[in-house]
Amino acid sequence: MHTTLESSLPLLLGMAWLLPLLSFTLIVLFGQRMGKHGVGASYLATFSIVVGFLFSAISLGLWLYANPLSAAHAAEPEAQIDVAREHKTPAEEHHAASDLKAPDYYTGDLYTLGQFGSLKISISYYIDALTVGMFAMVTLIASCIHFYAIGYMHDELHDLTDHEVTLADGRHLHRPGRFHRFFQYLSLFCFSMLGLVYAGNIFMVFIFWELVGICSYFLIGFYIERKSACNAANKAFIVNRVGDFGMIVGLMALWGALGTFAFGDAKQADGTVARGIFSQVRDAGQEHALIVPDGMVRASAWKMVQEVAVDHRDHADPAAAESEIESRLSDYRDQHYGYWLLVVAGVGIFCGCVGKSAQFPLHVWLPDAMEGPTPVSALVHSATMVAAGVYLTGRFYPVFTPEARLVIAYTGGITLFLAATIAITATDIKRVLAYSTVSQLGYMMLALGVGGWVAGLFHLITHAFFKSLLFLCSGSVIHACHTNEMPKMGGLLKKMPWTGYTMLAGCLAIIGAGLPPIFGFWPFGFGLSGFYSKDSIIAQAYSFWMANPTHGMILFAAAAGGASITAFYMFRLWFMTFIGQPRDHHVYEHAHESPRIMYLPLVVLASFAVIIGWTFPGVWSVTDLLEQARWPGEAGAGVLMPSLIYPNELLSHQHHVHLIAGLTAFSTALGGFLLATVFYGVRWLNPAEVRQQFAPVYTFLINKWYFDELYDVLFVTPTHFVAMIIAWFDRQIIDGFINNLARWTYRVATFDDLIDRYLVDGLVNLTAAWTWSLGNSLRGLQTGLLRQYIMLIVIGTVALTIIVNFASAG
Amino acid sequence: MDQSVIWLSLIVFLPALAALVLAFIPKGQPDVIKLISLAATVAVFLASCVVTFGWFGADEVHFQKGVAEMQDVFSLPWIPSFNIFYFMGTDGISLPLVVLTTFVTMLSMGASWTINKHVKAYCILFLLLETGMLGVFLALDFFLFYVFWEVMLLPMYFLIGVWGGPRREYAAIKFFLYTLLGSVLMLIAILMLYFNSDLAELARISDLLPDNAAASVKWADLHIDPSATQAAEEVALAREAGRIPPAASPVHTFNLLALAAMGQHTSLFNDQLLFGKSMQWWSFLLLFIGFIIKVPAVPVHTWLPDAHVEAPTPISMILAGILLKMGGYGIIRICYPICPDAGYDLAWLVVGIGVISMVYGAFAALAQKDFKRLVAYSSVSHMGYVLVGIGVWSAWSGTNFNPEYWQMGMNGAMFQMVAHGISSPGMFFMVGIIYERVHHRNLDEFGGLFAKAPIYSGIAFGIFFAGLGLPGLCGFIGEVFVTLSVWNYSHALAVVSASVVILTASYILWTLQRVYLGPEYKGPHGDHITPITGRELAIGVPLLAFAILLGVYPRAVFDYTTPSINKEVTDLAAWTRATKEEQLLARRMERDRRQGVTDDPLIGE
Amino acid sequence: MNPLTTPVGVSHFMAVGAVMFVCGVVCMAAKRNALGVLMGIELVLNGANINFVAMSSPFLSAHGRGGLGLDGQFIALFVIVLAAAEAAVALAITLNFYNNHATIDVDRADELRG
């Protein structure tokens, strides 16, 4: 069975991955000719993603058939909890070592991008339970959204007037529709997102990381005529690039030290195994505990390594140096050589995730990204692409050191609180959801950061369903009302029952509605999907608190407080939209339920939002599926922060932890819900008065903590300033130098011309003048008097004679 | 041998021949002249394809992938009394650039269709320029190389100075003087190397002499002409036998391969010259300055923005696509192999200038208001990657600093040259298309082009994204491979070079927004914006197609370049191990002895 | 030794020649008349001739052999011929000068002065 899986899974998922690419290519080339106004493009794109979903579902089935979710799993926590490493005898240790098994995965190369000696960068795949689960989730949600978009985007099927764009002459922009182009981008996005999940090495993740980024750019900026949309698109991509910068640094640290990007071990053609990152960091011989890989130790201790190499220079045996270095590596490792490289790699990769998942401090782009059409917000900016950051954090989890995890936890904690507070005051229905997304992503990061791998990714999957549902519902409302502003809505439940009730399901799911175990239903309580995932996150935070008093308390408080605020703003949204008296009658009268192609996907998503968290023992459970992909082993205590200790993840499954967590989650959510009811449901309190009461806080929150302004002052303006300075330097200093050089050369040439004219020529002329004046002065002798000449001859002769005589005599 | 003479000479001199033919065509028929020129460039492109792919059954000259050594080599006497030969050949380093040259020249001849001023002179100069460029890439004789280098210069001067924009004279003179300065420095270095070279010394350590058949220098690989071989052998034997003193009657050479072997295997170029630096240190520096003027790198780059802004579109394409590559090619082909010792000592300079160019170019691009100037500065930034990739000399035995990262860097640099040779002409062509319609390039006065010319804008987006380094397009591979290779040379420089991705994204996206997006066109001549024509499509689409092909399947280039580059790097790494490490250790021991240090960890037992 | 009592020898001839030469020179320098100047030339030439003839005469020499031998005689003959030719040319010039300037005063012939 495994051998068939090994060949069939890559094929099935690969086809699911490449079909959207095919669709994209066809739409790019022939989109406009596909039916009237390119309507065929939507059918093609939808068909390709639905087939992709079928392939993914088949893969999931095959996977579950081959790796049944063990019914015994529920009993496992108690059995494994005391496998805490400190308390083991050697015999137990051996036993434990054999118990801990690395997760099953299939990996292989598709083709090589470049190979330099032993360094190889390739396009490859890595398939484990997480991959299969993510494929099913992404394709399912994407399929629903494709259907929905066919209805939502029908405006684009003919010429339309964009009321948000005013031309220079005061008219609104009139433009042809771009229906096919929307689906072209959607297909490209699906291809990129699936490629990111399919990727077998971190470099390929980076490739698709950038591609989803550019898809997001296109989709946010879909209304290219709107300046705000273009700005938002630019902002999204550039802010993401800031994160990618960190990611590249992380990649460099990994690549420079390990020389591989592959996640898993791959069998080479010659039978040897090329070790991937995971097995190097989580060595099977060390019970999969986090260790610094050999490559990083060597890279960090290069001075000593070099010394050994130099000592062996003169010896004949080249292998001797190598073996001596090998033998010394464990010493170096004990001195923590290379640990900082591992931290850099972890934090660097996480930086990328911060950008993509809109975490603090790079969260600013996501709310602006709501400029895109609503289906895009649902698919890209809530359910899948922004979840890619969380996915990568989860995928790369084995590599994170305790310090890196703490960074992740705090980032998540800050983000979740920050975004939740901003969501309280937002009035744009999509922006509320956007901040809610940021906040929920913070939850996931927090979960991962406090050591809850399963909890974080579980929430990723449940969140994907209910958040896409919420966004599509909001899209349906916007479609009906032609406005995003909640203060203009109200009482819409009668007009839009399908939308209203499915949205209610979504709201309940996101606040984690359910009955905690104290009410005596199932051992872990009973509720909508969000209940289970949020519950396990809080349990994990509590478990972390038990081991780390200070950090744990702050993070636990953030998680619990965030849950409360979430409940408040979600029901604020729902109440303001669907309950009470219509605030704007013009809007209310034009409102209508959306067509069937739009609300049927809502129903599908709503049912998933309710049930996806449920456990059907032995058949289906998201947590058990994720558990199959979890790397066992401990991260241990920090090196830079020795007091930081990560408890075994399974410790959070203990009954009392769950009890406390469940009660906390329940009470905080209930508190938030009641508050929202008081304000917006039954209107005992007037929000406007409270707003006046707390005017400074309100202003602070409505301005989104002034982050945009702060970044403008801190980064954007200085960058432009530096750019200006450099351009000035280029034109004035360097070019000025060159031009001055030319000018001076010209001056020197002029001077040289003077010398030539006056000095050299002058000398020549002077000689001539002397000659001339000599001749002139001699001409007096030439009297023309014959007799005088004769006298001179005589005198001369006589004088000559005398001189000769005297000379010969003397 | 015979076939390669014919084909390589054909590639180089066919354009010149066509120029000669054009001289006899009457002036009044510009279309005929353009057609003949286009036919010539197409023919040259086909000829380069014949050599690359062995079309038309040309098996004898078919370039073999995976072979690192020189191929299709031939050598004919030219000025034998100075050992100057008509000596050409190609390998994985030059062949991709030759094909790139013929390809881009062909496309830019197509882009020249809008030139209407003195068409005949333009075409003649254009074809002469192509001869010069191809000659530079194919020449293996240093003197021949220099001659082609200069041949290229003059047509370019006139092409900018006559057919350029309003400040064309200034730009042309600036270009000419800058480049001439480089040439002069190069000439000095050439002469220094020539007069220090000695084939006889090389022969003594090669397998030419009967009793050291196992020597590492293989005489046959150097392709030295028989007459020079004979002279070298005689002198070497005489010296061995003690009939003449060791350094007497040297046999000088211009053969680049032989010079490289001398640089790596003999100490001929190590004589002290000035300020305690060796002859090869100085010649490396002179050659390096000559080449980075061409690259161009900060601070000798300012000819580029002016030349680009003033040059007509097709000339900008050639300038960006090919001329800039000669600098990088020269450094790879000449600087490093011939002067390895200086290369090792000055690696910091090469990488440092590269990183500075990357950052500086990106910042400068961000501040530009002129569309073409912006693209020009983006070239400065992108060519910085080439220098960085070439320079990351990380090779020391025993450590992780193995030459494989340098191989990656240099391959990345090579790829970056080809990729930039595709994307940059594309960008200039895109600017040219819009300039021809609205006659201005002010970035603040565009906007809304997407609605008016969707196909043109689509292609422009693709090409600009290739420049941005988007995965799946050609810019990505080179940039990322280079960046990844820097880490093991210097962490700090690696981080700085990684940060450039943010700036690149900023200036390109901002430009795209200002030019193509937005509701309406803001500048003058709005009604002249017509959809892209068939001719422009025929130029833009191949460029975009190649950008995608190279981005998705980079081995299309790597399969050719990697063997040759890896060989060069491996040779240099071997030289480091055998020669440089020893020198450095000895110097260090000497220093320690003078300072009385006894516990230096490197000086063990 | 009294020159009047010693037998006539070369030195006597030379004395005569010298007197004639000096007379000629003085005549050339002092006369403004072109014909006078011509006469002075004739005197100078003949003074020289006397010397030549005396030097070449075997009878006059102390040891019975002529110093210059026949050479002196020949030169004297040449000088005579030369003097005749010169007189002819000079007279022609003078005649022309007279035709142009109506005088033969050499001081008036100063057109070549610098």
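This is a predicted model: local features need pLDDT of at least 70, side-chain atom pairs count only at pLDDT 80 or more; totals for chains, interfaces and linings use all residues.

Trainee: Staying in chain B, at what angle do H3(B) and H4(B) pack?

Mentor: Helix H3 (residues 94-111) and helix H4 (residues 119-138) of chain B pack at about 170°, and their axes are 9 Å apart. Angles over 145 degrees count as roughly antiparallel, and H3(B) and H4(B) are therefore roughly antiparallel to each other.

Trainee: Which residues meet there?

Mentor: From H3(B) come Ser94(B), Leu97(B), Val98(B), Thr101(B), Thr105(B) and Met109(B). On the H4(B) side they meet Phe126(B), Glu130(B), Met133(B), Leu134(B), Phe137(B) and Leu138(B). By class, the residues of this contact are eight nonpolar, three polar and one charged.

Trainee: Let us change topic. How many helices and strands does chain A have?

Mentor: Chain A has 30 helices and eight strands. Its radius of gyration is 39 Å, well over the 28 Å that the globule rule gives for 810 residues, so chain A is more spread out than a compact globule. Along the principal axes, its C-alpha atoms fill a box of roughly 160 × 85 × 60 Å.

Trainee: What percentage of chain A counts as buried?

Mentor: Buried residues account for 53% of the 810 in chain A. As for its contacts with a separation of 6 or more, 78% are between residues 24 or more positions apart.

Trainee: I had marked Pro601(A). Is it buried or exposed?

Mentor: Pro601(A) is buried: 27 other C-beta atoms lie within 10 Å, and the threshold for burial is 20 or more. The residue belongs to helix H24 (residues 596-611) of chain A.

Trainee: Which residues does Pro601(A) touch?

Mentor: Leaving aside residues up to four places away in sequence, Pro601(A) touches Cys144(A), Ile145(A), Phe147(A), Tyr148(A) and Leu472(A). By contrast, Gly784(A) is 183 residues away from Pro601(A) in sequence and 133 Å away in space, C-alpha to C-alpha.

Trainee: Now the chain pairs. Which chains share the most contacts?

Mentor: Two pairs of chains are in contact, and chains A and B share the most contacts. That contact takes 59 residues from chain A and 56 residues from chain B. On the chain A side, H8(A) gives the largest share, 17 residues. By class, that side has 38 nonpolar, 10 polar and 11 charged residues.

Trainee: And how many residues does the contact between chains A and C take?

Mentor: It takes 11 residues from chain A and 12 residues from chain C. The chain A side divides into five nonpolar, four polar and two charged residues.

Trainee: What about chains B and C, how far apart are their closest C-alpha atoms?

Mentor: They lie 59 Å apart, and no contact joins chain B and chain C.

Trainee: Last topic, chain C itself. What is its secondary structure?

Mentor: Chain C has three helices and zero strands, in the order α-α-α from the N terminus. The radius of gyration is 18 Å, well over the 13 Å that the globule rule gives for 114 residues, so chain C is more spread out than a compact globule. Its C-alpha trace spans about 55 × 30 × 25 Å along the principal axes.

Trainee: And what percentage of chain C is buried?

Mentor: In chain C, 17% of the 114 residues are buried. Of its contacts between residues at least 6 apart in sequence, 48% join residues at least 24 apart.

Key: Residues are numbered from 1 along each chain as its sequence is written. Chains are lettered from A and ligands numbered from 1 in the order in which they are written. Helices (H or I, at least four residues) and strands (E, at least two) are DSSP runs, numbered from the N terminus. The radius of gyration is taken over C-alpha atoms; the globule rule is 2.2 Å times the number of residues to the power 0.38. A residue is buried if 20 or more other C-beta atoms lie within 10 Å of its own, exposed if 12 or fewer, and partly exposed in between; C-beta atoms are placed from the backbone. Two residues are in contact if their C-beta atoms, placed from the backbone, lie within 7 Å. Ala, Val, Leu, Ile, Met, Phe, Trp, Tyr, Cys and Pro count as nonpolar, Asp, Glu, Lys and Arg as charged, and the others, Gly among them, as polar. Axes are lines fitted to C-alpha atoms, for helices over the stretch in contact, and angles run from 0 to 180 degrees between N-to-C directions. Angles under 35 degrees count as roughly parallel, over 145 as roughly antiparallel, 65 to 115 as roughly perpendicular and the rest as oblique.
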